[in-house]
Amino acid sequence: MLNVRFGCSGCAFRTAAMKHCFYNETVGFFYNNSRKELTTYWRTKDVLVVALGLTVSVIVLLTNLLVITAIVINRRFHYPIYYLLGNLAAADLFAGIAYMFLMFHTGPRTAELSLKTWFIRQSLLDTSLTASVVNLLAIAVERHQTVFTMQLHSKMSNQRVMILIFCIWVTALLLGLIPSYGWHCLCALEKCSSMAPLYSRSYLTFWAISNLVIFLIMVVVYTHIFIYVKRKMTRMSKHTSFHPRYKETMISLVKTVTIILSAFVICWTPGQVVLLLDGLGCKSCNVLAVEKYVLLLAEINSLINAIVYSYRDNEMRSTFRRILCFICYRNSRYTPTVVKLNTTDRRTLSQNGHFTVDSSI
């Protein structure tokens, strides 16, 4: 009889716990619970944030679409590093779309959202930003491998690159969709975060720490590359056979590594720290005051990625010009001229017939 009574007590406890889930409540209910302001009218600050956000989103979409087009049409970019760059551009393109979706469903419109739409809005952002960060890590590891083996392109097969890209998106989807499928606070209001009132604080802590770990690995990888290149330049400069072209390439690589780390630290660190503080339940931290700005800063990194990883490549810039000129000529009803390889380009063809660009990425 004792066991039966305990069993019934357990059933009653589970039934009571289920009654505390708030699946039928509005978004406003959870915002009030987290004490996050939910306006019913457009303030000047809201208009400015949306206008700036949409502007950034459009630029992100256009620049990354240009990168993807260049990689697709130029067979000289059909190498592992460029496939990863193309995937990074796709992730950042997705981030631009997700951020644009957020801008159309923010401000006073937030109160009109259903719980499902709210979760979709947040999942799009989480998935796209996670894909971008993980892709940056994959590029860092690939660059580390090629630099230390003195190769221009990785020997990784196309099949392995496709598997890696698939794994990147699976990881991003899992992290982005986890809150929608259970890691939320709809049944535990005391665990709701301030920045994302339907998300559990433990999820924000997990997401922030995961990204900070990836960030730390990237810093270690690129710092190792930086030190290696500096030492290599010092040793090579002592030899009379040291080619100026090689020195120029090495200096360009050092500059690129510096820009990558600086951009990543500036754009990502503030957001991750704010998320971590919110996840840890910091009462004295006014995370809501900077929430929109740190998110916009992270989105700007999607624009910087396209500039740093692609625009610093001479062949990539040349392809961009051909694409833009083709569009201009087509709009003005001119036939685009066929671009031929000049003597400089011909000299950059290696013995196996592959184009070996002096890439600084």
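Predicted model: local features only at pLDDT ≥ 70, side-chain atom pairs only at ≥ 80, totals over all residues.
## Overall fold

The chain contains 11 helices and zero strands. Read from the N terminus, the order of elements is therefore simple to write: α-α-α-α-α-α-α-α-α-α-α.

Of the 361 residues in the chain, 43% count as buried. The chain exposes about 19,700 Å², and carbon and sulfur atoms supply 65% of that area. When contacts between residues at least 6 apart in sequence are considered, 80% of them join residues at least 24 apart.

## Nonpolar cores

The largest nonpolar core has 71 residues. Within this core, the residues with the most contacts are W118, I139, Y222 and Y309. Helix α7, which spans residues 201–237, gives the largest share of the core, with 13 residues.

Another core lies apart from the largest one and has 10 residues. Among them are V56, V60, L102 and L125.

F166, V170 and L174 make a nonpolar surface patch of about 310 Å².

L174 belongs to helix α6, residues 158–177. Is L174 buried or exposed? L174 has a relative accessible area of 53%. The cut-off for an exposed residue is over 50%, so L174 counts as exposed.

## The loop between α2 and α3

Helix α2 covers residues 27–33 and helix α3 covers residues 44–73. S34 lies in the loop between these two helices. With a relative accessible area of 11%, S34 is buried, because buried means under 20%. Not counting residues up to four places away in sequence, S34 touches C192, S193, S194 and P197. In the case of S193, a polar atom of the S34 side chain lies 2.9 Å from the backbone oxygen of S193.

R35 is also placed in the loop between α2 and α3. Whereas S34 is buried, R35 is exposed, with a relative accessible area of 76%. The backbone of R35 has a further feature: its phi is near 60°, a positive value in a residue other than glycine. Most residues other than glycine have a negative phi.

A89 is found in helix α4, residues 80–103. Its relative accessibility is 2%, so A89 counts as buried. Leaving aside neighbours within four places in sequence, A89 is in contact with N64, V67 and I68. How far apart are the C-alpha atoms of A89 and S302? These two residues are 213 residues apart along the chain, and their C-alpha atoms are separated by 8.0 Å.

At 13% relative accessibility, T205 is counted as buried. Which residues are in contact with T205, leaving aside its neighbours within four places in sequence? They are L276, G279 and L280.

Technical notes
Residues numbered from 1 in each chain as written. Heavy atoms only, no water. Helix = DSSP H or I, 4+ residues; strand = E, 2+ residues; numbered from the N terminus. Buried < 20%, exposed > 50% of the residue type's maximum accessible area, 1.4 Å probe, protein only. Polar contact = N/O pair within 3.5 Å; in protein donor to acceptor, adjacent residues only side chain to side chain. Contact = heavy atoms within 4.5 Å. Patch = residues over 30% accessible without salt bridge, like charges linked within 9 Å, V, L, I, M, F, W, Y side chains within 5 Å. Areas by Shrake-Rupley, 256 points an atom, 1.4 Å probe, with all protein chains shown as cover. Salt bridge = Lys/Arg side-chain N within 4 Å of Asp/Glu carboxyl O. Core = buried A, V, L, I, M, F, W, Y, C linked by side-chain atoms within 4.5 Å.
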